[in-house]
Amino acid sequence: MSSDDRNPTIDDIARRAGVSAMTVSRVINGGARVSAATRERVQAVIDAAGYTPDPAARILARGGSGRIGLLYANPSNAYLAEVLSGALAGARAAGLLLMIEPSQAGDPAQEAEAVRRLAAGGAQGLIVPPPLGESPATLNAIRAAGLKAVLLAAPPARGMSGALRVDDVSAAAEMTRRLIELGHRRIGLIEGRADQSASADRRRGAQAVVEAAPGVELQIDHGDFTYRSGFEAARRLLAARPRPTALFAGNDDMAAGALAAVHAEGLQTPADVSVAGFDDTYLAASVWPALTTIRQPVAEMAHHAAMLLAGKAEVDAEFVAHRLIERESTAPPD
C-alpha cells in the first residue's frame, strides 16, 4: 500500500516537504524555530496531502495527555516487569495511553523500525530502558522522528528529554564495602553487557574499594545480564583456587544464576559462598536464599519518566537514590 492509499503520517509529510519530522512537528504545533519560507512549504504539503494531526498527539506535544511509547529489548523479564509496572502507573496517572514495542538490540535496522512504528502509531514521547538508551541506532531514530524521550539507567544524551539512573559507581562501591566488612577477602565480580556504561561503572566502584583495602582480591568474569550467563560466569569463578568467598553480580538475574552455580558445585549460600545482586527486582526476594542486592528504583524511574513526558514533572537530578538491601544470601565467611 503506498502512502497515497492511506492517511499520511508525519514522516510522509517530512519526506514530501524535504524536511525532518521534527520540523513538521514544529510547524504543526506552532514552534518558533522554523523560517517563514520553510513553514509555508511544509504547510502547503500538509494542505495538499489532507494531513490531519492526531489530536491526542498534539496535546501531548504541548505537555498534556496523549500517547507515549515504551521500547524494550532487555533480556531480563524481572527488570522489564519493573519498567512496565512503573510506566503503566505513570501513564495512567498522567492520563496517557502507553504503547509498547519490542526492539532488537544490536540490529540498527530493527531498532530504527521499532521507533518508526511507535511514531507512526502516534507516540510523541518514548520511555527507553537499557540497553537501547545507549544505542546510537535507537537514539538517532528518536532524533530523526522528532520524539521526546526519557532514558532509563543510561547517561544523558543529546536531544533527549532526560535520563534517570542510579550512581552505579557509588552503589557498587557500597556493596563491595559491605562484603569486605563481613570479612570477605576474595570477591568475584560478574559484569554485565560491555555496551552498557553501568557495567563499567559498577566495575570501577568495586575496584576502587578493593584497591583501598589491603589483602582483598577482586576476580572479574563477564556475563550479559541473563541468568544463564551468571550461572556460567559463577562456575568459572568458583573453579579458581582458592575460590572466592563472595560473588557480586551486576543484576539479580545473574545473581540468581550464581546461586544455582554455587549449589551445582555442592556448596551452600551463604555458608560457603555469599551472593549479592543489583536492581532489587521481584526475583531478588523470590529465589532462595533471598538476595542481598542494591535497590535501583526501576518502577519509580519509569513512573517518573511518564510524568516527564506528559510535562507533569521535571528532571530534578540525573541520579536517583539507591539503597543496599541485606537478605539471607550474604554472611561472614566460615
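Visitor: In which loop is Pro 131 found?
Guide: This is a predicted model, and the answer is a place along its chain. Helix H7 covers residues 136–145. Pro 131 sits in the loop between E3 and helix H7.

Visitor: What is the omega of the peptide bond from Pro 130 to Pro 131?
Guide: The bond from Pro 130 to Pro 131 is cis. Its omega is near 5°.

Visitor: Which residue does a cis peptide bond join to Trp 288, and where does Pro 289 lie?
Guide: Omega is about -10° for the bond that joins Trp 288 and Pro 289. Helix H12 spans 282–286, and the loop between H12 and E10 holds the proline. The residue joined to Trp 288 is Pro 289.

Visitor: How many cavities of 30 Å³ or more does the structure hold, and how much space lies in the largest?
Guide: Rolling a probe the size of a water molecule over the atoms shows where empty space is left. Four cavities of 30 Å³ or more are found here. The space in the largest cavity is about 140 Å³.

Visitor: Which residues are closest to the centre of the largest cavity?
Guide: The largest cavity is lined by 13 residues. By class, the lining has six nonpolar, five polar and two charged residues. The closest to the centre are Asn 74, Tyr 79, Pro 130, Gln 196 and Phe 225.

Visitor: What is the phi of Phe 225?
Guide: Phe 225 lies in the loop between E7 and helix H10 (227–238). Its phi is positive, although Phe 225 is not a glycine. The value is about 75°.

Visitor: Which residue in E7 stands opposite Gly 188?
Guide: Strand E6 (residues 186–191) pairs with E7 in the parallel sense, over six bridges. E6, helix H9 (residues 197–211) and E7 also make a right-handed β-α-β unit. Opposite Gly 188 stands Gln 219.

Visitor: Which residue in E10 is the bridge partner of Gly 277?
Guide: Four bridges pair strand E9 (residues 274–279) with strand E10 (residues 292–295), in the parallel sense. The bridge partner of Gly 277 is Thr 293.

Visitor: Parallel or antiparallel: how do the strands pair in the sheet E2-E1-E3-E4-E5-E11?
Guide: Strands of a sheet pair through backbone hydrogen bonds, either parallel or antiparallel. This open sheet has six strands, with E2 (97–102) and E11 (319–320) at its edges. The pairing is parallel.

Visitor: Which residue in E2 is the bridge partner of Gly 69?
Guide: Strand E1 (residues 67–72) runs parallel to E2, and six bridges join them. The partner of Gly 69 is Met 99.

Visitor: At what angle does helix H6 run to E2, and helix H13 to E4?
Guide: Helix H6 (residues 108–120) lies across E1, E2 and strand E3 (125–128), at about 155° to E2. Helix H13 (residues 298–309) lies across E1, E3, strand E4 (148–152), strand E5 (162–166) and E11. For H13 the angle to E4 is about 165°.

How values were computed: Residues are numbered from 1 along each chain as its sequence is written. This is a predicted model: local features need pLDDT of at least 70, side-chain atom pairs count only at pLDDT 80 or more; totals for chains, interfaces and linings use all residues. Side-chain values use heavy atoms; hydrogens and water are left out. On a 1 Å grid over the protein atoms alone, a cavity is a set of points where a 1.4 Å probe fits but cannot get out, and a pocket is an open set with protein on both sides within 12 Å along at least five of seven lines; lining residues have an atom within 4 Å of a point. Grid points are joined across faces, edges and corners, and a volume is the space filled by probe spheres set on the points. Ala, Val, Leu, Ile, Met, Phe, Trp, Tyr, Cys and Pro count as nonpolar, Asp, Glu, Lys and Arg as charged, and the others, Gly among them, as polar. Two strands pair if DSSP finds at least two bridges between them. Helices (H or I, at least four residues) and strands (E, at least two) are DSSP runs, numbered from the N terminus. A crossover is right-handed if, with the strands pointing away from the viewer, the path from the first strand over the helix to the second runs clockwise. Contact means heavy atoms within 4.5 Å. Axes are lines fitted to C-alpha atoms, for helices over the stretch in contact, and angles run from 0 to 180 degrees between N-to-C directions.
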